[in-house]
Amino acid sequence: MPGLTVVRPLYERTFNKHISVLLIFEAGKYNYGTTQSGQGDQRIVMLTKGWGLMPEARYYPFTKHKPAPDGFFTAVYFRYRSLTETYNGANYLNRKDTISVITKGNAYHYGIDVGYKLTAGNVLLEILYGLGIANGTWQTPNERDKMDPTFKTDLSDMINSMRVEIALGFVFPKIKKNQPVVEKKPTAG
């Protein structure tokens, strides 16, 4: 059985000691469903996978000791995902046939989040909770009506409206530009 793995590399840029912006790319498996055979084996009948982009603007209100991006933050974000849903199971309409349905869709999600980022040297740990509004559409015409409703991915449900994340990452050090060398002229003394 595959794990639900979504990889999210990101770039965060600070603009002052309180504000940063992020651009997050994501790709992976978002949802799956299984059935159990008479012998007790599980078989995957539905898999939703894809990729997405998410810009986010963060505000770090408490920056006495360390500037952004470190400590408590609140943010606004927008996420776009391109998804493919694959179903290989029983035809829900007639219960006789086994069908294979592949449907592509687009999901949109925007909202607010709060979190805490802790950095130790170049290593970071971040915990985040967000809530927003999710929406999306599956391309038509499609054959999703033949899918068992238990396995259909709803792009506007509560699961797609929430963000709960724990991230472990690496901070690349800031590279300072070389300053031009100014030659000192000898002074007559």
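**Figure 1. The protein chain as a whole.** Of the 189 residues in the protein chain, 32% are buried, and the model in which they are seen is a predicted one. The chain holds one helix and eight strands, and read from the N terminus these elements follow the order β-β-β-β-β-β-β-α-β. Among the contacts in the protein chain with a separation of 6 or more, 63% are between residues 24 or more positions apart. The accessible surface of the chain comes to about 12,700 Å², and carbon and sulfur atoms account for 60% of that surface.

**Figure 2. The aromatic pair of phenylalanine 62 and phenylalanine 72.** The structure holds five aromatic pairs, and one of them is formed by phenylalanine 62 and phenylalanine 72, whose rings are tilted, with 5.9 Å from centre to centre and 40° between the planes. Because phenylalanine 62 lies in the loop between β4 (42–59) and β5 (71–90), while phenylalanine 72 belongs to strand β5, the pair ties together parts that are 10 residues apart in sequence. Phenylalanine 62 has a relative accessibility of 62% and therefore counts as exposed, since the cut-off for that class is over 50%. Phenylalanine 72, with a relative accessible area of 32%, is partly exposed.

**Figure 3. The aromatic pair of tyrosine 87 and phenylalanine 151.** The ring centres of tyrosine 87 and phenylalanine 151 are 6.2 Å apart and their planes meet at 40°, so this pair is tilted. Tyrosine 87 is in strand β5 and phenylalanine 151 in the loop between β7 (123–138) and α1 (158–161), so that the pair links distant parts of the chain, 64 residues apart. Tyrosine 87 and phenylalanine 151 are both buried.

**Figure 4. The aromatic cluster of Trp51, Tyr80 and Tyr108.** In this view, Trp51, Tyr80 and Tyr108 are joined into a cluster by ring pairs. In general, the distance of the centres and the angle of the planes are what describe a pair of aromatic rings.

**Figure 5. Arginine side chains over phenylalanine rings.** In a second example, the charged end of arginine 58 sits over the ring of phenylalanine 73, and here the distance from the ring centre is 3.9 Å.

Technical notes. Residues numbered from 1 in each chain as written. Predicted model: local features only at pLDDT ≥ 70, side-chain atom pairs only at ≥ 80, totals over all residues. Heavy atoms only, no water. Phe/Tyr/Trp six-rings, centres within 6.5 Å; stacked < 30°, edge-to-face > 60°. Helix = DSSP H or I, 4+ residues; strand = E, 2+ residues; numbered from the N terminus. Buried < 20%, exposed > 50% of the residue type's maximum accessible area, 1.4 Å probe, protein only. Lys NZ or Arg CZ within 6 Å of the ring centre and 35° of its normal. Contact = heavy atoms within 4.5 Å. Areas by Shrake-Rupley, 256 points an atom, 1.4 Å probe, with all protein chains shown as cover.
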